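Biologist: Could you walk me through a few backbone details of this model?
Modeller: Gladly; have a look at it here, and then ask away.

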Amino acid sequence: MAEASGMRPLRLAVSAFVVVVAGGLVALWALATPRQDVVGQAVSWVDVRWTMLRDWYNSQPLDGEVEWETAQLQVRGAVAARGPALMIEYGCGSCHIIPGVSGAKGTVGPSLTRFGERAYIAGILPNGPGTLTNWLIDPPLYAPETAMPDMGVSDEDAEDMAAYLLALGHYR
Amino acid sequence: MIDEESTLGQFGSQSALDAAGLGAELTLTLTTALHVAGALIFLSVMGALAWAWFRTTGARTWWIWAGGVAIPAGALVILVVGSTLTLAAIRAGGENATIIDVRGYQFWWDVTYDPTGDPVRDGNEIFLPLGEPVTFRLTSEDVIHSFWIPSISGKMDMIPGRVNELTVTANELGRFRGQCAEFCGLSHPLMAFEVVVVTPEEFRAFVADLRNEARDPDTIALRQGRDVFMNAGCAACHAIRGEAEGGVLGPDLSRVGARASLGAGMWPMNVGNLAGWIADVQDMKPGANMPSYNHLTGPELRAVAHYLDSLK
Amino acid sequence: MTDATITEPHEQGPILEERHPTYEEVWATPKGWRKLSSVSHRVVGKRFIVTGLIFFLIAGFLALLVRTQLIVPNNTFLDAETYNQVFTMHGTLMMFLFAIPILEGFAVYLLPLMLGARDMVFPRLGAFGYWCYLFGGIIVLSSFLFDAAPDGGWFMYTPLSTREYTEGLSADFWLIGVTFAEIASVTAAVEIIATILCTRAPGMSLTKMPIFGWYMLVTAFMIAIGFPPLIIGSLLLEAERVIGLPFFDPAMGGDPLLWQHLFWLFGHPEVYIIFLPAAGMVATMLPTFVRQPLFSYGFVVAAVVTMGFISFGLWAHHMFSTGLPTISLSLFSAASTVVTIPTGVQIFALIGTLALGRAQLKVPMLFILGFLFIFVMGGLTGVMLAAVPFNWQAHDSYFVVAHLHYVLIGGMVFPLIGAFYYWTPHFTGRMMSERLGKWAFWLMFSGFHITFFLMHITGLRGMPRRIATYPEGLGWDRLNMLSTLGSYIFAAGILIFMLDFIRHRWTGTPAGRDPWGAGTLEWLYPAVAPGHNFHAIPRVTSREPLWDDPRLLEAEAHEIDGSLRGAPRGRRETIGCHPVTGEPHQIIRLPHPTFIPLWAGVGVAVAAVALLAGAYLVAAAAAVATLVIFCIWAWEPSFTGETHNSGPDGVLPVNAVSRVSHTHVAIVGTLLIIGSLFASLCFAVLYLWNVWPSFTTTAGLADPIFAAAAAVLGLGLAVLCELGKARTNVLADMLCVLISLGAGAALLWSMQATDPLASALGATLTVTVVFVAIHCGILALWSAIMGARKLAGQVSAEQTLPELNRATYAKVTGAMLVIMALLLCAPQLGVLS
């Protein structure tokens, strides 16, 4: 007991230190403006690396064989991580439910949950990187009666959004 | 593709701590002073408490006179004087102000420039001339709303049957976000607007330009869109200068495509959001007075969305 | 802790019963389902407390739903409609069904014990109040079952809450349920005033009264004056919703701001009504832990009374952004800051008390320190909000949300939880756990600050309150997430408190007598509820009798000398004192258990539910039935004229005929409520007159002859009752019936030309006239009952207490008639045009 009570101030000091440091970091994180957001940037740096690592791992063939099902959904050179921000910008969420996109809860068009598992786009085009990118750029070209407008999406943006959508239901 | 960067997602665009107008700047100074004084008083009282906790010296009646009466009274006099001077400074200099009428509706804002001369309507986006006083005449057509642009000035309620005046001076170019601050029903959280501070010359050019007729549709597709707009009955509530000027129940759409945001400051303005909005308003903004136009065919919906997007 | 042997709680009752069989029998609480007939202040008080606690938990759960919705931007956890219902009900339950009733419960339970009374002075009224509160609360809460929960915010601003913008029954649930629960509050206020002023122990002058008594006295007066404006506002709004009377419609000469004035005339005092009882508890508990009397009692009393007055002059600081003229802004701004002075005095009195001795850091003390810390911060942000320019930025933003929770949770919830730790031994005979109490405190304290401190910043960063979702990236996301996490920590603290509260009932340490070593009279008996208070009421010579009078704790509690030992007449009785000196001047007969309050409560509840359901015939029938029940209630024999030996205080009359008798004090309290109701209506009339002078003529002019007749009859009524107050006379009663009916009828008749549906002013005048006419009707009914009792031979010549009370009531009714006549004839008189 004597030892335990001797340890008590030390334990108190350590806990106080931990609480102050953790509290300080959380306060920095909560109050920072985007320009001074050191903690937030550190967190997102780790998050981005972690996501890349996870995506890379998930797309690896487990038995040495190339997993064609996954591979054929890859959009070469696209940055899937840009997807959510782009889809907010183009207003996809006003018609579609899209997992991971803030405020995307529209019910005008179909939900895009697990979109990577979809066989057809809009019941017309076979789902895949190329067709999806083309579809996003100009839907009425493929489905003249569709309600989905041509939103003036650039090629690059379309690829990034396609990459994000195709990953839904696979490893996202 | 996005013409104007909206204030959506812009850190500090709706913050009283990022002051960009006379009222907000003066109030921010007052706020800082109040918080510093408040923190000092708080620490003193807690210090007195800690002292009393650890000592058993007995108490003196003068403590009450000092801590309970004299010091608070002194602080209050300073506070009242400071706050009254700030109030006077905020209210000063509104004599030759430009007048803009803003009427609150569930859940959008009807803006009228030059109401005393040649009135011209717009909605959900307000242009202000840099450095010049502007007096908003605020009222409401249904329930109580509150007009608040934190970066520019404090808030003022919009009350049916009354006209409240609020004079502001914007001191920084740029875009700021305003929002309804008085609970006004189902979509109260979705009732915001954008404020665009431009140079006085640009401001006058903007108002002059607003008087011109809306751009004529110059392609077949856009003309189809205009036909849908007319046939579907949109014009009963919405006005487009030069095309249909009767509708007053909804926002004026003469330059809708030029606005940075849709749905009273809630979504980026683009064809995608316009189409989703027209097809399912009641999902995007529950309780709005506009019905969901989900009886339009796909091509009709696209055409009208493109047409509205082209109105700049 | 004294040397008295600690026995298991359940063993003490039977022992006492053997020694004083009659007394135990007379004061016994009925067993089984008949317990519902109990009117004892202990039973009623505990019912209030437990019901309030249940509402607190429900409202707290709703708060967690709100916080969960706001944890991330654009959240879809709740849709906008549900969110609006949830935050509205959170505010409504917390303010109307938790804060006020639970504090009244503590007051009802503790006051008689502290003051040396055997019960509250009107036990049936207290029981009736409880049933009103319970049924009102159930009505409000049941709206969730019908998917019609109110969703207009707890202050129900018009025109959003009118039929046009809120269809369905949601607002009606709120208006009817809350008004119903408010009846409970105002009845309790009258009861508390009369109890504090008229039933203190012999020798307990006002200066020797425990400080809690002062706090509750001021609070009760504030309830009596502060609640009527909202009752009137709710009635007007409900009438606008159901009948279409256009009080708040600007197109018809109404004004939405009228509602805001009426609401905040109530709403601002309400905050102090919640704070003061809790502060009174703190001022009672803190000296116990310092072992020294409260420092500068006189200052505190003066501060509390001052606060009561000031609180009625600040309402407009909730309306700074409604476009008030600059002069009003400056005046209300200055007035709002003044309230810091009485608050500062109270805080420094507590600090001074701490300096008198070494305080023990028991759990209640911990909560008191938490109260001081949080409340001082909340008070300071409150003063900031009094600065108009700052208010324009902070008003209706999360800054205000933070401020109001600092004031209400700091000023009320922390003292309340402390009070639970302090007084629970008195309720159950067992102590709550010190260990769990500390856990509860630290979780609540840290969770509270994480949740609400950050909200100040969220608000200054521009986030308005009452928004179900917010867009991403405006600088609110992270602050909101932390606030939500903090609220879970706070809830964990409450959960631990609740677990302890339930656990201690079985496994808590038995408390014994005066477990905290307190000095006030409620700890005279061992900490267990024998079901009744004082076998004999001891003479009190100081504010802390248990500290200053050693014989009180040396003797066994039931053997202490005092007035009115036992119950020799087989009746419940207590000593009635002079309101100021505390010297006994009468014996007050108290009612025995009865079901009448329950039936009356059920009657009103049925009427309210029928009103909601639109079954107006049923509602009318229930109202008539309730009236009959009230008549039965009133029809009890008078004991005036009996005299009995009270022991040390000599021979005292039963129910003396006197201006300082408890019934007369209660009549004055009731008239205060009626006066405040009437004043609220007159305020509405004058306000509308001022806002829309042009509507004076379209409102329709009153017939001056009939109005004058009503005024003359009113004066005659007052003179008749005043002259006849010393004699029992059936003819005078009958004349009184006729004159009051005549006065009411004349007043109504004078309004023939006014169409209440055509203008707001006409509607308000009509309602005011009906209000006055109803009081004429009440006077007529009262006189009729008095006459009938005399004809039935139930009244002897010296039993003139009802006459005395009626004279006071008639004077006020007469005054209302005269004021009303002047108001109606004002346009003809050229006063207002």
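**Backbone details, one by one**

Modeller: Let me start with A:A122, which is partly exposed because 15 other C-beta atoms lie within 10 Å. Here a residue is buried if 20 or more other C-beta atoms lie within 10 Å of its own, exposed if 12 or fewer, and partly exposed in between, with C-beta atoms placed from the backbone. This is a predicted model, where local features need pLDDT of at least 70, side-chain atom pairs count only at pLDDT 80 or more, and totals for chains, interfaces and linings use all residues. Residues are numbered from 1 along each chain as its sequence is written, while chains are lettered from A and ligands numbered from 1 in the order in which they are written.

Biologist: What phi does A:A122 have, although it is not a glycine?
Modeller: A:A122 sits in the loop between β1 (120–121) and β2 (125–126) of chain A. Helices (H or I, at least four residues) and strands (E, at least two) are DSSP runs, numbered from the N terminus. Though A:A122 is not a glycine, its phi is positive, at about 55°.

Biologist: Is C:N655 buried or exposed?
Modeller: C:N655 belongs to the loop between β4 (651–653) and α21 (662–691) of chain C. This non-glycine residue also has a positive phi, of about 45°. With 20 other C-beta atoms within 10 Å, C:N655 is buried.

Biologist: Which residue is the bridge partner of C:E573 in β2(C)?
Modeller: Strand β1 (residues 572–577) of chain C runs antiparallel to β2(C), and 6 bridges join them; two strands pair if DSSP finds at least two bridges between them. Of the 7 residues of β2(C) (residues 584–590), 6 are buried, so this strand is largely enclosed by the rest of the structure. The partner of C:E573 in β2(C) is C:R589.

Biologist: Which residue does a cis peptide bond join to B:Q106?
Modeller: Look in the loop between β1 (98–105) and β2 (108–113) of chain B, where B:F107 lies. Omega is about 0° for the bond, which joins B:Q106 to B:F107.

Biologist: How far apart are the end C-alpha atoms of helix α12 (residues 363–386) of chain C?
Modeller: In α12(C), 24 of the 24 residues are buried, so the helix is largely enclosed by the rest of the structure. The expected span of a helix is 1.5 Å times one less than its number of residues. For the 24 residues of α12(C) that gives 34 Å, which agrees with the distance between the end C-alpha atoms, 34 Å.
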